[in-house]
Amino acid sequence: MDIPWWRDAVVYEIYVRSFADASGDGVGDLTGVRERLPYLQRLGVDAIWLTPFYPSPMADGGYDVADYRGVDPLFGTLADFESLVADAHDHGLRVLVDVVPNHSSSEHPWFQAALRGERRDRYIFRDTINNWQSTFGGPAWTKVADGQYYLHLFAPGQPDFNWRNPEVHAEFLDILRFWLDRGVDGFRIDVAMGLYKAEGLPDVGDQSFKSVSPVWGQPEVHDVYRDWRRLLDGYPGERMAVGEVWTDSSEDLALYVRPDELHQSFNFAWLQAPWSPTAFKKVIEDTLAAVPFATWVLSNHDVVRHRTRYDAADPGTGLARAKAALLTMLALPGSAYLYQGEELGLPEVTDLPDEARQDPVFFQSKGELPGRDGCRVPIPWTVDTPSYGFSPGGVEPWLPQPAMFAELSVEKQEGDAGSTLEFYRRALAHRRDLARSIPYTLEWLDSPEGALFFTRGPLTCAINCGLGPVHLPEHDAVLLSSGPLKRGLLPPDTAVWLRRDS
C-alpha cells in the first residue's frame with residue numbers, strides 16, 4: 001500500500017503577515033514567502049501552510065474574509081499566489097492554504113446584503129439573544145439597525161455563517177474547487193468543530209471547547225467533511241485537509257478523521273501537556289489509540305510560543321526544553337506541524353506596547369488579556385535594524401521586534417553548529433531518512449524516574465524531564481541529541497535519538 005505524503009510530513013506554518021516583506025510596506029506578503037522558499041527547502045520541511053491572504057479588513061488578522069476567491073493587495077495578487085505555488089512545487093514543497101468556513105468578514109457581500117435586510121438566512125440573526133459569549137471576550141451578539149442581533153463567536157467583524165442553509169454548503173464547495181484548480185495541495189480548516197450550532201441556540205453554563213456542547217461539535221458538521229472529502233478525492237495528487245479541532249476528548253477528535261472525513265486533525269493535547277513524562281506518555285497513548293494518523297504540534301499563531309511556556313514553568317529551561325520536545329515530537333508516528341520562527345528559538349514577545357497591539361482579544365478583553373500578537377512578531381532574517389531583514393530598506397515592521405532578535409536571526413545562526421536553526425536542520429534531515437523506513441507504531445521501554453524512553457524499530461528516543469541525569473538506554477550509536485551528553489548520561493531537559501543495530 002502506498003503511503004500518502006501527508007502521513008509523515010513536516011508542515012511549516014507561515015503567518016504571512018510576519019514571515020517576509022518583499023514590497024517594503026512593513027507587512028509580509030506572498031512574494032516574500034516565494035523569495036524564502038530556498039530557506040524552507042534547506043530547513044527540510046515537506047509542506048507549507050499559509051494563513052489567510054484573502055481580501056480582508058483585518059479585524060482578526062485576515063481570519064475575517066471578505067472575498068474567499070481573491071488575494072488582498074496587502075499580500076499581492078492572484079498571479080503572485082500562482083507563482084508561489086508553482087515555485088514551491090519546484091522546490092519539492094506542498095502548499096496548504098487556510099479556509100475559514102465558520103464565519104466571514106462583516107464586509108463580505110453576503111453580510112452587507114444581510115444588513116440591508118436581504119438573505120439574512122445565510123447568517124444567524126435573531127430577535128432575542130442567548131447568553132453566549134465571544135471567544136475573544138464580551139457578548140457573542142451585536143445589534144443591527146433594525147433591532148435584530150447577529151451571532152459572532154469571535155470578533156463582531158466575524159459574523160457566523162448559518163450552515164443549516166444549503167447555499168452555504170454549495171458556496172464553500174465552490175471555494176475549495178477554486179483553490180484546488182490553482183494547484184493547492186490541501187487545506188487547513190479554521191474552527192473546524194464550529195459551523196453548526198445546536199437547534200434553538202440554548203443558553204450554556206460552560207462555553208469552553210467540549211466534545212458535547214450546544215456551541216461546538218454538532219454532529220451535522222461531519223456531513224460537511226464527508227462532502228469535502230469526496231471533492232478532494234476527485235482531484236489527483238493526494239489533496240488533503242487538516243482540521244483545527246479543539247475538544248476535550250481524543251475519542252471526539254477521532255470522529256473528524258474517519259476514513260470518509262478529514263485526513264488529519266490537529267492534536268492540541270500535545271501542545272497543552274505540561275513538562276512531564278507521565279503527561280507526555282498519556283497524550284501519546286491516547287492519540288495513537290484514537291486516530292489512524294496522528295499529528296503533533298508545539299506552537300502556532302494562536303498560542304504562546306512553547307519556548308516561553310516551558311520557561312514560565314521553570315525559568316532558564318525554556319530553550320533546552322523546546323529543543324528536547326521538538327526531538328521527541330519528530331520521533332513520534334505521524335506528521336509534525338512547525339510554526340515559523342520556532343527553528344530560531346524565538347520566545348514570545350511579552351513587552352509589546354499597548355499602542356502597537358492589534359489582536360481583537362486585547363481590545364475585547366479591555367486589555368485584561370495580552371492577546372496573540374506576542375507570537376506573531378515578524379521573524380528576524382539578519383542582524384540589521386530596523387526590521388532585522390524582514391522588510392527592505394529602513395521600513396519598520398507592522399509589529400515592533402525586540403533587540404534580542406538580532407542574536408536569534410537566521411544570519412546569526414546560519415552555519416553555527418550549536419545554534420537552534422542548525423539543530424532543526426539536522427533533526428529534520430535525520431527524520432526524513434527515518435520516517436518511512438521505521439514502523440509507524442512505537443514500543444515503550446522501561447524508563448528511569450523523570451524520563452520517557454520508546455523505540456520505533458532501530459530508533460530509540462529518550463527524553464529526560466527530571467531533575468538529575470539518567471543513564472541512556474542500550475544503543476549502538478548516538479544519532480542526535482538536543483544538548484550535550486556526558487559519560488553515557490542524559491542530562492535534565494534533554495532528548496536524544498539512538499540507533500540499535502539488533
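**Close-up 1: Helix α9 and its length.** With 14 residues (277-290) at 1.5 Å a residue, helix α9 should span 20 Å, and its end C-alpha atoms are 20 Å apart, which agrees. The expected span is 1.5 Å times one less than the number of residues. Helices here are DSSP runs (H or I, at least four residues) and strands are E runs of at least two, numbered from the N terminus. This is a predicted model: local features need pLDDT of at least 70, side-chain atom pairs need 80 or more, and totals for chains, interfaces and linings use all residues. Residues are numbered from 1 along each chain as its sequence is written, and side-chain values use heavy atoms, leaving out hydrogens and water.

Close-up 2: P277, A279, F280, V283, I284 and T287 are buried (under 20% relative accessible area; exposed is over 50%, partly exposed in between; 1.4 Å probe, protein chains only). Down the axis of α9, these buried residues fall within an arc of 165°, so they line one face of the helix; the arc is taken from the directions from the helix axis to the C-beta atoms. Over on the other side, T278, K282 and A289 are exposed.

**Close-up 3: The open sheet.** Eight strands line up as β9-β8-β7-β3-β2-β1-β11-β10, with parallel pairing (two strands pair if DSSP finds at least two bridges between them). At the edges sit β9 (264-265) and β10, each pairing on one side only. Further in, four bridges join β7 (186-189) to β8 (240-243), and I189 has G243 as its bridge partner in β8.
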